[in-house]
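Visitor: Before we look at anything in particular, I would like to learn how such a model is read, one feature at a time.

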Amino acid sequence: MKHNFIKLRTEPLEVTLLKLLRSRFVLPEETNNYYLSKLKGYEGECYLDSLLATLTSNSLILCDLLFEQNNTTFQIDTLLLSQKTLYLFEVKNLEGDYYIKNGDWFRKSTGKAITNPVHQLKRCETLLRSLLHSRNIRMEIEPYLVFTNPLFTLYQSPLDMPAFFPGQLNSLLKKLNRSSSEMNGSHQQLAQFLLSRHVIDSPYGRLPEYRYEDLQKGVTCRKCMSLNVAVTKYTTICNACSHAEKNVSCILQVAKDLKLLFPDRLLTLNAVEHWCNYLYSKKAIQRVLGTNYKLINKGKYSYYL
Ligand SMILES: [Zn+2]
C-alpha cells in the first residue's frame, strides 16, 4: 500500500554523484569504500521500504529525513507514524559477522571497531524527542535498529537490544499490522510538521576534488555504468552488459550528468558533444536539448537552461 508513504526515498544525491564520478575517474580508495557502504545502506533502506509497502494497517511513512535540532544535524532512515506510536527505524545493511564486547561493536574478520549502532539510534531518538517537544508534541517514540542483510550475524547481542534481525523482519511487519491505526488530522499535521522541518543536504563539499579535464569523456551505460558502449542509428548498446537504450534518452541522461557534476558550467551544444566524446551527432544532441531545456539564444554563445 504505497499510499502510506508521505515521503518516498530517492537515491541520495551523494550516491548519484559518486556513481557518476567513479565511472569516469578513479576514486581515492577511501572514497570508493565510502561510496560502496552508502550504496549498500541505501539498498537496505529500499528493502525495508518494500516490506513496509505491504502493511495493511493505516500508518504514515516518511523516508530519509534530515533535521537540524539544537544546532546538530541528524538523519532518520524511516519514520512510521501509527495511531499512538512514532516508530523510528535505523536501517543497517551490514554483512558478515560482528560481535559486541564491553558495549563496543567489532567486525569479526578484522577485529576493527565500528560505530555503535545502538548509540547512533539513541542519539537520533533524543534529538527527535527534542524536536517534537519544541512543538509541544507528546508522542511515544519506539526506536529500532533494523538489520536487513540475510548474511549478517551478531554475536553476544543483549536480549533487550531494540533491534530486528534479518530473520525477524516478518515479526516486525506483524507487530506493525497489529498496532491500532485510527489515523486522524493530528497525525497528518504531525507528518506535515516533520516534512516542513526536513532540510536539504548538499553533498558537493564532501566530494573528492575533481576537474572536468580529469574525467573520462563518453556515454555511461545506465545499468552497469560502463563507458564501453556502441552507438547505432537509434540505440546505444552497452558492450559490457548488453543493455540497450534509445539514443534520445541517453543523450538527455549524459546532459543531466554533466549538469549534476558541474552545476556552474553552462549547458551548451558543444559542451554536451565533447562530454559524450562525439558519439552522437550535433543534430541529435540539439534535438534532445531543444525538447527538454529552454534555449537561451545568444548566437555563438547560446546555452540551455
Ligand atoms: Zn552496461
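Guide: Let us begin with a definition: a salt bridge is a side-chain nitrogen of Lys or Arg within 4 Å of a carboxyl oxygen of Asp or Glu. In this predicted model, Arg9, Glu45 and Asp49 are linked in a network of such salt bridges. Because the model is predicted, local features need pLDDT of at least 70 and side-chain atom pairs count only at pLDDT 80 or more, while totals for chains, interfaces and linings use all residues. Residues are numbered from 1 along each chain as its sequence is written, and side-chain values use heavy atoms, with hydrogens and water left out.

Visitor: How many salt bridges does a search of the whole structure find?

Guide: Side chains of opposite charge can pair when their charged atoms come close. Here the search of the whole structure finds 13 salt bridges. One of them joins the side chains of Arg206 and Glu14, at 3.1 Å from N to O. This pair links distant parts of the chain, 192 residues apart, with Arg206 in the loop between helix 5 (185-197) and strand 11 (229-231) and Glu14 in helix 1; helices (H or I, at least four residues) and strands (E, at least two) are DSSP runs, numbered from the N terminus.

Visitor: Which side chain meets that of Asp257 in a salt bridge?

Guide: The partner is Arg222, at 2.4 Å from N to O. Asp257 lies in helix 6 (residues 247-261) and Arg222 in the loop between helix 5 and strand 11, so the pair ties together parts that are 35 residues apart in sequence. Asp257 is buried at a relative accessible area of 2%, and Arg222 is partly exposed at 27%. Another salt bridge is formed by the side chains of Glu90 and Lys92, at 3.3 Å from N to O; Glu90 is buried, with a relative accessible area of 5%, and Lys92 also counts as buried, at 15%.

Visitor: At what angle do the axes of helix 1 and helix 2 cross?

Guide: Two packed helices are described by the angle between their axes and the distance between the axes. The axes of helix 1 (residues 13-24) and helix 2 (residues 29-52) come within 10 Å and cross at roughly 130°. Helix 1 is therefore oblique to helix 2, given that angles under 35 degrees count as roughly parallel, over 145 as roughly antiparallel, 65 to 115 as roughly perpendicular and the rest as oblique. Axes are lines fitted to C-alpha atoms, for helices over the stretch in contact, and angles run from 0 to 180 degrees between N-to-C directions.

Visitor: Which residues of helix 1 meet helix 2?

Guide: Contact means heavy atoms within 4.5 Å. Glu14, Val15, Leu18, Lys19 and Arg22 in helix 1 meet residues of helix 2 that include Tyr34, Tyr35 and Leu39.

Visitor: What does Gln216 touch, not counting residues up to four places away in sequence?

Guide: Gln216, placed in the loop between helix 5 and strand 11, touches Arg24 and Leu227 on that count. The C-alpha atoms of Gln216 and Phe25 are separated by 6.5 Å, although these residues are 191 apart along the chain.

Conventions: Buried < 20%, exposed > 50% of the residue type's maximum accessible area, 1.4 Å probe, protein only.
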